[in-house]
Amino acid sequence: MFKQRKIKNSKNHSEFLKTLLHSLPKEEVIYEPEELSVYECDGLTAFRVLPLAVVIPQKIEEILVILSACKRFGVPIVVRGGGTGLSGGATPVEGGIVLSLSKFNQILEIDPINQVARVEPGVTNMQVSQSAAPYGLYFAPDPSSQIACTIGGNIAENAGGIHCLKYGLTVNNVLAIKMLTVEGEIVSIGNVGGESPGCDLLSLIVGSEGMLGIVIEATLRLLPKPECAKLVVGCFDDVTEASKTVSQIIASGIVPAGLEIMDKLVIEAVQSYIQVGFPTSAAAVLLCELDGMFEEVEEECRLVEQIMIQMGAKEIIRSKNEEERLLLWKARKSAFPAAGRISPDYYCMDGTIPRKSLAFVLKRIAELAAQYNLRVGNVFHAGDGNIHPLILYDNSIVGEMERVESLGEKILELCVEVGGSITGEHGVGLEKLGPMCLQFSLEEIQQFHRIKRALDPDALLNPGKAIPTLHRCAEFGKMHVHQGQIAFAGIERF
Amino acid sequence: MIDCPSSATDSITNELIEKIRRVINLKEKIKIIGGGTKERLGRKVVGKPINVSENRGIITYDPAELFVTVKSGTPIGSLEEVLKQHGQYLPFEPPHLGEQATVGGVVACGLSGPSRPYKGALKDYLLKVRIINGKGEVLTFGSQVIKNVAGFDLFRLMAGAQGTLGIILDVTFKVLPLPPFSTTVVLEKNATEALRFLSIIAAKYFPLSASCYYNNKLYVRISGYEKSVRRAEKEIGGDILANDHQFWNSVKERTHPFFINSQRLWRLVLPQAAPLLPMEGEWFFDWGGSQRWWKGEEDNREAIFRWARDQGGYAWCHDKEVTLASPLDTALLRIHRRLKEAFDPFGLLNPGRIYEEF
Ligand SMILES: Cc1cc2nc3c(=O)[nH]c(=O)nc-3n(C[C@H](O)[C@H](O)[C@@H](O)COP(=O)(O)OP(=O)(O)OC[C@H]3O[C@@H](n4cnc5c(N)ncnc54)[C@H](O)[C@@H]3O)c2cc1C
Ligand SMILES: Cc1cc2nc3c(=O)[nH]c(=O)nc-3n(C[C@H](O)[C@H](O)[C@H](O)COP(=O)(O)OP(=O)(O)OC[C@H]3O[C@@H](n4cnc5c(N)ncnc54)[C@H](O)[C@@H]3O)c2cc1C
C-alpha cells in the first residue's frame, strides 16, 4: 500500500546514536526495539515503522542538539505530540528518529486580561480549557480526541471539532507560535494583537503537518464561556430530510454551535451501547446545539424546532438541563466505540462536501456500499459538511481490506467531485497521499514542494508525508506526466 | 443562487491570464493594480502596470451555503451590496478607502475593520483563492468548504502578501448572516480606564461587535438578537449613540476627523491590554485596544518600532508617500525571501512592496 523511503545515510546510524547518547541524558534516548515499538504508529495503525530512535528532550537546547546531529547525519525527524493522528502524520520514517515533545507540557501563562493562553506544545487540548475555566474562559477547538491530543498536534493538523462551524478551526484560534526552523533558529510568528508584518506565516504553519518547522510554544485565543447552551435533537424517518434540514437551519440565519447527524446504523449501535432514548425506528437524528446569552438561545431553539418540524421531524428532544445536554452528546461521542462493537473492524473516512450535497452524497455512498457489499454507517459534522463514513468490515476475510480501500477512494473522489475536500480534519499524512492527486493539479503539487523546500531544503522534517511525489500521482493514475518531464528528478520517488 | 454563466466574462479572465503570462515570459517586473486606492499603503513598486480591475463579477453565490466566489477586480462595495440583499455580510468589515477598492486589493492588503477582534480577520473568512504565480501558472488553493486540511494553506498566505506572491484571480469568502439588531453605547473614560473596561466586558459573553476609544469616550457596539443586545446594553451602561452606522463607517473608512490631514500616521497592532505609548500625541484606539492609531511629533521611527515589538506587537508608519512596516528579524526575513522565491522565482511580482528585500 505504501512504500517506505530508504534512507541513504544509514551507514552512519551507529555514529549518530552515539552522538545522541553522548549529548543527551540517557533516559531521553530510546533505541531498544521493544521500547521503540510503542512509537511505531499513531492512530492509523495500518502503517507501522520502527524508528531508529526516539528522543524525549526536556529543554529547547536539547532539541537544538538533536537537530544539529540530524542535520549532520542526514537523519529525518518526525515530531510526535499525543500520537492520536489518524492519517499517519506521526508514523516514524525508516532510519529516522521520533522527536517526542511530551515533556513540553507546561501551561506557561493564562492571561485573562488579554484572554490568551501561552502553552508548550505537549499540553493536551483539554488541559488548556481546564486551566482557563477558573476565569470563565475556554479554548474553542475541541477535537474528540481532546483528552489525549496535544496543541502541537492540533496546530500541525489544524484540528477541528464539533464547535468549528461557529468558532472556527485551530487556525482561527491560534494567535502566535514560536517555531524552531530546521536550521535551529527560533522564530516568533504572529502576535497577540492578531496581525503581524509581512505574509501570514502563521496560517502557513498551522496545518502543515510537521513538515515546515517544530512548534515549541503557542499563544491561543481564549473565549468566554457561553451563558447557556441547549441541545435540540430532531428524529427523522429519512436521512435526506435530516440533511436538508441542515441547509434550512443555516439558511435561516442561525449559526449553531454544533450540528451533527447520526444515521440508522449508528443510532442502533449507540442505543445498544448506552441507552439515551433516541427512537431506534428513526432513520437519522440531527443534533443541533445552540449557545450564547439566555435570550438568544431561547429564540434559536424555538426557530430550530420550527424548522425541524416543517422538514418532517417525527420527534424532537430538547435538553432541559446541563445533565441532559451532556447525556445526549454522549450518544454522539460514543458513536465510534459503539461501531467497534458491531463490527470486528471499521475504517473511519474523513472528507468534506458542501452542505447542499449532503443528501446526494449520502445516497451515493449507500449505493456504492451496496455495490461493494459493505456496510457503511454515517456520523458526522453536518453543519460544516465534514463527513465520516464508517466502513464496517472484517479484516480476517481475505480481500475485504482491499474492497474497503477501494470504496474509500470512491467516496473521496465523490467529495472532490461535488467541490469538497479529501480531508476535513484528519490530515493527509501517509494515508491520503494518493487522493491528494485527485484534489490538486501537477502545478499545485509542485508549488507545495517548493514551499516545503523553502523551509526545509534537505527534507528532514517528516519527509514523505502530506505532499505526494509527482511519480506517485502518475501511478495513482490521476495525473499525467508529460514526456517524462518531472520536476525534481533528482529526488527519490516512493 | 447566482452562477456566472456568461462565457464573455470568462474570456476576460482568460485574456488577463494570457496578458500576465506574456509579461511574465518577458521577465518584466509587474506592478499589480486593483482600484489603485492605496498606493500609499506600502512601498513604491516599479514595474509594468497590470490592471486587474476588469476581471470582475460574482462567480457563485448560494446564500444557504454561506460562501461567495468572486473575481478579484470586483468592487468590494458592489459585492457587499449583493450580500446585503440576501441578509448576509463579510463579518470582517473590510475598509474600502475609496469607491474603486477591489476584492483583490482588499485581500492582498489583508485589512479588517472594526469588528475584527470579535468576528475575526479577513484571513479567517478566506476559503479559496485562485492565483497566477510568478511562473505564470494558474493555481487554486483551498475550497468552498470551511473544513479542508489537504495540502498547505496557501490561500491564507495571500492575505496581506500585497501581491508579492501571486496575482489573485478570484476569491471565495465565507459569509455570515447579518446580525438582526445592533446598537452602540458611549461611556466617558480615560484611556487607561477604557482599556481595563474593555477587557472586563470582553470576558463576558456579550455579543460585542466593535469597540473603539477616542478623546475620553469609549464606544461599544453590540449586535445580535434584540433581547440579548438590550440586556448587554443595560449591563454595559453608557448612552446610546444615534447614527451609529455612520460613526463606525467613519472609523472603518478612516474619514473620522482624527484621520483627516495627517502628514504622518502611526498604526500599532498590540495586545489589547498593552500600556499606552510613552510619547505625547493624539490617539485613536480601535479593535478593543489592539489597533492603535497615533499622531505625534516623534521622529525616531526605530524607537517606536522597538517599543511595539517589546509589547509583543508591531507598527506601521504611514507617511505621505509610503508605508513602512516594523522590520523583520533575520530568520523571518529569510523565510519571507524563500517563500517569495517559491512563488515567484524571478522576483517579478510587486517587488519591494512590503519590504525592500522581496
Ligand atoms: C489611512 C488609511 C490607512 C489604511 N491602512 C491600510 C493598511 O494599513 N493596509 C492596507 O492595505 N490598506 C489600508 N487601507 C485600506 C485599503 O487601501 C483598501 O482596503 C484597499 O483594499 C483598496 O483596494 P484597491 O483595489 O484599490 O487596491 P490597490 O490600491 O489597487 O492595490 C493595493 C495592493 O494590492 C495589490 N493588489 C491589488 N489587486 C490585486 C490582485 N488581484 N492580486 C494581487 N495583488 C493585488 C496591489 O498590487 C497593491 O499592492 C487604509 C486606508 C487609509 C485611508
Ligand atoms: C478517537 C479519535 C478522535 C479524533 N477526533 C478528531 C476530531 O474530532 N477532530 C480532529 O481534527 N481530529 C481528530 N482526531 C485526530 C487527532 O486527534 C488530531 O489530528 C490531533 O490534532 C493530533 O494531535 P496529536 O498531539 O496526537 O498529534 P500527533 O498524532 O502526535 O501528530 C500529528 C502530526 O502533528 C505533527 N506534530 C505534532 N506536534 C508537533 C509540533 N510541536 N510541531 C510540529 N509538528 C508537530 C506530527 O509530526 C504529525 O505530523 C481524532 C483522533 C482519535 C484517535
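A residue counts as near a molecule if one of its heavy atoms lies within 4 Å of it. In this predicted model, 31 residues surround ligand 2. The closest are A:V79, A:G81, A:T84, A:S145 and A:T150. By class, the shell around ligand 2 divides into 11 nonpolar, 16 polar and 4 charged residues.

Polar atoms of ligand 2 were then examined for partners in chain A. An oxygen atom of ligand 2 is placed 2.6 Å from an N or O atom in the side chain of A:T84. A:T84 is also listed among the closest residues of the shell. The backbone contributes through A:G83, where a polar backbone atom is 2.7 Å from an oxygen atom of the ligand. A nitrogen atom of ligand 2 lies 3.2 Å from an N or O atom in the side chain of A:E425. Taken alone, ligand 2 exposes 970 Å², and the protein buries 90% of that area.

Three elements of chain A give two or more residues to the shell: β3 (77–80), α5 (151–157) and β10 (214–221). The most comes from α5(A), with 5 residues. At the level of domains, the shell takes residues from both domain 1 (10–100) and domain 2 (107–224) of chain A, so ligand 2 lies between them.

The UniProt record, an unreviewed entry, lists residues 47–225 of chain A as "domain: FAD-binding PCMH-type". The end C-alpha atoms of this span, residues 47–225 of chain A, lie 39 Å apart. Its content is 21% helix and 25% strand.

Backbone geometry was considered next, in chain B. Most residues other than glycine have a negative phi. B:Q162 has a positive phi, near 55°. This residue sits in the loop between β8 (138–142) and β9 (167–174) of chain B. The relative accessible area of B:Q162 is 7%. The cut-off for buried is under 20%, so B:Q162 is buried.

B:N216 also shows a positive phi in a residue other than glycine, with a value near 65°. The loop that holds B:N216 runs between β12 (208–214) and β13 (217–224) of chain B. Relative accessibility of B:N216 is 38%.

Methods
Residues are numbered from 1 along each chain as its sequence is written. Chains are lettered from A and ligands numbered from 1 in the order in which they are written. This is a predicted model: local features need pLDDT of at least 70, side-chain atom pairs count only at pLDDT 80 or more; totals for chains, interfaces and linings use all residues. Side-chain values use heavy atoms; hydrogens and water are left out. A polar contact is a pair of N or O atoms within 3.5 Å; within protein, one must be able to donate a hydrogen and the other to accept it, and residues adjacent in sequence count only if both atoms are side-chain atoms. Accessible areas come from the Shrake-Rupley method with a 1.4 Å probe; for residues, only the protein chains shown count as cover. Helices (H or I, at least four residues) and strands (E, at least two) are DSSP runs, numbered from the N terminus. Ala, Val, Leu, Ile, Met, Phe, Trp, Tyr, Cys and Pro count as nonpolar, Asp, Glu, Lys and Arg as charged, and the others, Gly among them, as polar. Domain bounds come from an automatic or database domain assignment. Buried means under 20% relative accessible area, exposed over 50%, partly exposed in between (1.4 Å probe, protein chains only). UniProt positions are given in the numbering used here, feature names are shortened, and annotations may be inferred rather than shown by experiment.
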